[in-house]
Amino acid sequence: IDRLVNMRDEKPGSSTVRALLYDLGGVLIDIDFDRVFRYWAAYSPLTADAIRSRFEFGELYRRYERGEADDATWFGHVREHLSLEASDAQIETGWNAVFVGLNADVLGMVGRAGQHLPSYAFTNTSNSHQRTWSRAYPELAQVLRGIFSSAELGRRKPEPEAFATVVDAIGVRPSSVLFFDDMEQNVAGARAAGLQAVQVTDPQDVRRALTRIGLSG
């Protein structure tokens with residue numbers, strides 16, 4: 001099935017899907033931040049529950065995912081904020097414990113769909129996380145044409161400029177991209193940027209969306 005066209009061939013307002021774009025964590029990779037908090041609790045007087053309550057996805061976290069703050073800055077912040085008696089290496093080990101493994105069901109669907117439509121990923125990620133999933137899951141490179149990383153782009157979801165940069169690199173109109181993400185705010189951001197978007201709460205959401213556009217889920 002040849003669904004690829006150049007932008008000049010597309011009709012304005014066309015809802016035809018020309019490319020697929022997936023989030024990694026929560027869609028292709030199962031993640032669990034409780035694993036991080038339990039690991040760090042071994043180095044802190046705080047319990048894992050207390051660490052969870054204190055942990056902030058705040059401005060420094062967002063800067064870290066844009067590549068504006070380095071690993072040492074982030075680990076130092078975590079050490080101080082969560083009262084950790086731990087080295088950078090120990091904090092990083094806990095930080096990377098977030099990854100549970102690939103979601104084999106979704107990975108299979110992405111691989112099959114990728115035989116018909118170009119498939120990419122766009123992930124909010126830190127440099128430390130990117131090093132980890134790149135090494136741990138080489139299968140991603142086998143089913144995706146490319147992976148856009150917030151740490152490399154200097155932009156992160158749901159920023160409009162982030163989606164614009166990714167869509168421009170893919171080379172189709174925003175309305176021709178079908179995006180999958182587990183976070184409601186990222187789905188809303190994608191739609192505001194003109195993409196088609198689906199919130200993923202389980203693999204069936206991916207399956208149904210692919211079936212709707214004529215691909216086997």
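A: Leaving aside residues up to four places away in sequence, Gln130 touches Thr125, Ser149, Ala151 and Glu152, where contact means heavy atoms within 4.5 Å. The model is a predicted one, in which local features need pLDDT of at least 70 and side-chain atom pairs count only at pLDDT 80 or more, while totals for chains, interfaces and linings use all residues. Residues are numbered from 1 along each chain as its sequence is written, and side-chain values use heavy atoms, with hydrogens and water left out.

Gln130 belongs to helix H7. Helices (H or I, at least four residues) and strands (E, at least two) are DSSP runs, numbered from the N terminus. Gln130 counts as buried, at 14% relative accessibility. Here buried means under 20% relative accessible area, exposed means over 50%, and partly exposed is in between (1.4 Å probe, protein chains only).

A salt bridge is a side-chain nitrogen of Lys or Arg within 4 Å of a carboxyl oxygen of Asp or Glu. Side chains of opposite charge can pair when their charged atoms come close.

On a 1 Å grid over the protein atoms alone, a cavity is a set of points where a 1.4 Å probe fits but cannot get out; a pocket is an open set with protein on both sides within 12 Å along at least five of seven lines, and lining residues have an atom within 4 Å of a point. Grid points are joined across faces, edges and corners, and a volume is the space filled by probe spheres set on the points.

Ser83 sits in the loop between H4 and H5. Its phi is near 55°, a positive value in a residue other than glycine. Ser83 is partly exposed, with a relative accessible area of 29%.

H7 also takes part in the largest pocket. That pocket has a volume of about 540 Å³, and the elements that give two or more residues to its lining are S2, H3, H7 and helix H11 (184-192). The lining has 25 residues, of which Phe33, Tyr61, Glu65, Asn124 and Met183 lie nearest the centre of the pocket. H3 supplies the largest share, 3 residues.

Phe33 leads on to helix H1 (residues 33-41), where the buried residues are Phe33, Val36, Phe37, Trp40 and Ala41. They lie on the same side of H1, because they cover an arc of only 130° around the axis, the arc being that of the directions from the helix axis to the C-beta atoms. What covers them includes strand S2 (29-31), helix H2 (48-54), helix H3 (59-65), helix H4 (71-81) and helix H5 (88-95). At the start of H1, a side-chain oxygen of Asp32 comes to within 3.0 Å of the backbone nitrogen of Asp34.

Salt bridges occur elsewhere too: the whole structure has 14. Glu59, Arg62, Arg66, Glu68 and Glu159 are linked in a network of them. Another joins the side chains of Lys157 and Asp181 (2.8 Å, N to O). This pair also links distant parts of the chain, with Lys157 in the loop between helix H9 (150-153) and helix H10 (160-170), and Asp181 in strand S6 (residues 177-181), 24 residues apart. Both Lys157 and Asp181 are buried. Lys157 is also joined to Pro158 by a cis peptide bond, with omega about 5°. Most residues other than glycine have a negative phi, and most peptide bonds are trans.

Note on methods: Polar contact = N/O pair within 3.5 Å; in protein donor to acceptor, adjacent residues only side chain to side chain.
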